[in-house]
Amino acid sequence: MGFTKINGKMVEAQVVPGQRLFSQRGAMLAYSGDVRFTPNITGGQGGVMSMIGRRVANEDTPLMTVEGQGRVMFGHGGHHVHVIDLFGGTLYVEADRLLAFEGTLRQSTMFMGSQGGVMGMVRGQVTGQGLFTTKLEGQGSVAVMAHGGVFELPITPGQSVHVDPQAYVAHRGDVRNKLSTALGWRDMIGRGSGEAFQLELSGQGAVYVQASEEKL
């Protein structure tokens with residue numbers, strides 16, 4: 001199926017029998033044909049643990065399962081939409097930036113602290129970003145949201161990329177993330193952006209960054 005970009009803030013998907021999409025609740029803008037939208041209380045293909053992760057991350061509404069035959073247009077809050085195609089790889093998406101994805105992808109929830117240790121937890125508490133990131137694996141398309149558009153930065157071995165945590169949207173590939181501080185603890189009080197924190201990504205892959213630090 002995949003997603004076709006209509007403009008910078010809307011994408012369209014073809015829904016065919018026997019296949020399904022998952023979308024954030026409230027993301028459907030319009031549709032044509034015989035299309036059904038059902039709340040998915042198990043969190044896509046991630047099962048109960050994925051649902052628990054989204055609940056703890058203060059995502060009170062479940063994903064919507066989209067099935068049937070027709071065309072659906074997605075968008076949310078006037079945010080810019082960017083489409084990422086996966087061909088057997090892995091994508092990590094900040095949970096509140098995930099707009100829609102194809103059901104061919106396997107979904108699970110990753111606790112950011114599992115890669116960043118204690119500092120991964122601090123990231124969520126101080127920067128205002130969620131502690132949980134959605135992990136998507138396999139082959140399929142993903143639509144993500146951002147403020148001011150999205151640009152992709154390559155991550156190559158021996159060349160780490162540093163990103164403001166509030167500008168982080170997603171990353172793909174064999175990448176490790178770590179939150180580091182650029183200031184002392186006393187200097188960090190009241191600072192939640194890149195002046196105090198830097199998300200360091202290393203390995204092989206790419207990171208997607210939004211053009212604004214504004215949270216969704």
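View 1. Over residues 47-61, however, the pLDDT is below 50. Beyond near neighbours in sequence, this stretch has 21 contacts in the model (contact means heavy atoms within 4.5 Å). Residues 113-130 also stay under 50 in pLDDT, and there the model has 47 contacts beyond four places in sequence. Where pLDDT is low, the predicted coordinates should not be read in detail.

**View 2. The fold of the protein chain.** Among contacts with a separation of 6 or more, 80% join residues 24 or more positions apart.

**View 3. A close look at L86.** You will find L86 in strand β6, which covers residues 80-94. L86 has a relative accessible area of 4%, so this residue counts as buried (under 20% relative accessible area, with exposed over 50% and partly exposed in between; 1.4 Å probe, protein chains only). Leaving aside neighbours within four places in sequence, L86 touches several residues, including L105, L136 and G138. L86 and L136 are 50 residues apart in sequence, and their C-alpha atoms lie 8.9 Å apart in space.

**Reading notes.** Residues are numbered from 1 along each chain as its sequence is written, and side-chain values use heavy atoms, leaving out hydrogens and water. Local features need pLDDT of at least 70 and side-chain atom pairs count only at pLDDT 80 or more, while totals for chains, interfaces and linings use all residues.

Notes. pLDDT = per-residue confidence, 0-100. Helix = DSSP H or I, 4+ residues; strand = E, 2+ residues; numbered from the N terminus.
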